[in-house]
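Subject: Structure handover

Hello,

I am passing a structure on to you. Please open it first, then read my notes beside it.

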Amino acid sequence: MSLNRVLVAGGAGFIGTHVVSRLSARGVRVIVPTRHRERARHLLPLPTVEVVQTRPGDPAFEASLVSGLARVEEALHRSVLSDYPFVTEASTHLVQAGGKRFRPLLVLLASQFGDPTRSAVIDAAVVVELTHLATLYHD
């Protein structure tokens, strides 16, 4: 497997710095989001590392995440419909149980470092959540 670009959350921390350094040494493009750019200044000399200042408290950013999560929720409900009533009932039960939807949120957040408007972003968020729901159903 070849990695071209990697986002490392916590990349400015103690362990993250070592991960970022090793990835950079292998020529991997690394994106490190941080609220405090000055705390990641030790990463700036690395040639393949991009330190990105995040935008906490940005109302437009927050609105885009809320909108994205609503689109994920709609797609989740559509995706569990089946020709078999039992499958639809069991799957719908898991989807309607709600939850934090933390996994799709991570997908939406990560997409901000690429093109968050691509329709594939919502598809990826749905797939991640469906995989998680399938593990709950399996248990």
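One definition comes first: a residue counts as buried when its relative accessible area is under 20%, and as exposed when that area is over 50%. Keep in mind that this is a predicted model.

Now apply the cut-off. Ala90 sits in helix α3, which covers residues 85–96. Its relative accessibility is 16%, so Ala90 counts as buried. Thr88 is found in helix α3 too. Thr88 has a relative accessible area of 18%, so Thr88 is buried.

What does Thr88 touch, once neighbours within four places in sequence are left aside? The contacts are Val80, Leu81 and Ser82. Val80 also gives us a distance to Ala90. Those two residues are 10 apart in sequence, and their C-alpha atoms are 9.0 Å apart in space.

**The sheet**

Next, find the strands. There are 3 of them in an open sheet, ordered β1-β2-β3, and the pairing is parallel. Which strands stand at the edges? They are β1 (5–7) and β3. Each has a single partner strand, so one side of each is left without a neighbour in the sheet. From one strand to the next, the twist averages 20°.

As background, strands of a sheet pair through backbone hydrogen bonds, either parallel or antiparallel.

Look closely at β1 and β2. They run parallel, and 3 bridges join them. Leu7 has Ile31 in β2 as its bridge partner. Val6 stands opposite Val30 in β2.

Is β2 mostly covered or mostly open? It is mostly covered, with 5 of its 6 residues buried.

**The helix across the sheet**

Helix α1 spans residues 14–25. It lies across β1, β2 and β3. Against β2, helix α1 runs at about 155°.

Which residues does Leu23 contact, beyond its neighbours within four places in sequence? They are Val6, Val8, Val28 and Val30.

Now compare Leu23 with Ser82. The two are 59 residues apart in sequence. In space they are 43 Å apart, C-alpha to C-alpha. Ser82 is one of the residues in contact with Thr88.

**The largest pocket**

Last, turn to the open space. Rolling a probe the size of a water molecule over the atoms shows where empty space is left.

The largest pocket has a volume of about 380 Å³. It is lined by 17 residues. Closest to its centre are Pro33, Thr54, Phe61, Leu109 and Phe113. Which elements give two or more residues to the lining? They are β2 (29–34), β3 (49–53) and α4 (102–111). The largest share comes from α4, with 3 residues.

How does the lining divide by class? It has 10 nonpolar, 5 polar and 2 charged residues.

Best wishes

Definitions and conventions:
Residues are numbered from 1 along each chain as its sequence is written. This is a predicted model: local features need pLDDT of at least 70, side-chain atom pairs count only at pLDDT 80 or more; totals for chains, interfaces and linings use all residues. Side-chain values use heavy atoms; hydrogens and water are left out. On a 1 Å grid over the protein atoms alone, a cavity is a set of points where a 1.4 Å probe fits but cannot get out, and a pocket is an open set with protein on both sides within 12 Å along at least five of seven lines; lining residues have an atom within 4 Å of a point. Grid points are joined across faces, edges and corners, and a volume is the space filled by probe spheres set on the points. Helices (H or I, at least four residues) and strands (E, at least two) are DSSP runs, numbered from the N terminus. Ala, Val, Leu, Ile, Met, Phe, Trp, Tyr, Cys and Pro count as nonpolar, Asp, Glu, Lys and Arg as charged, and the others, Gly among them, as polar. Two strands pair if DSSP finds at least two bridges between them. Axes are lines fitted to C-alpha atoms, for helices over the stretch in contact, and angles run from 0 to 180 degrees between N-to-C directions. Contact means heavy atoms within 4.5 Å. Buried means under 20% relative accessible area, exposed over 50%, partly exposed in between (1.4 Å probe, protein chains only).
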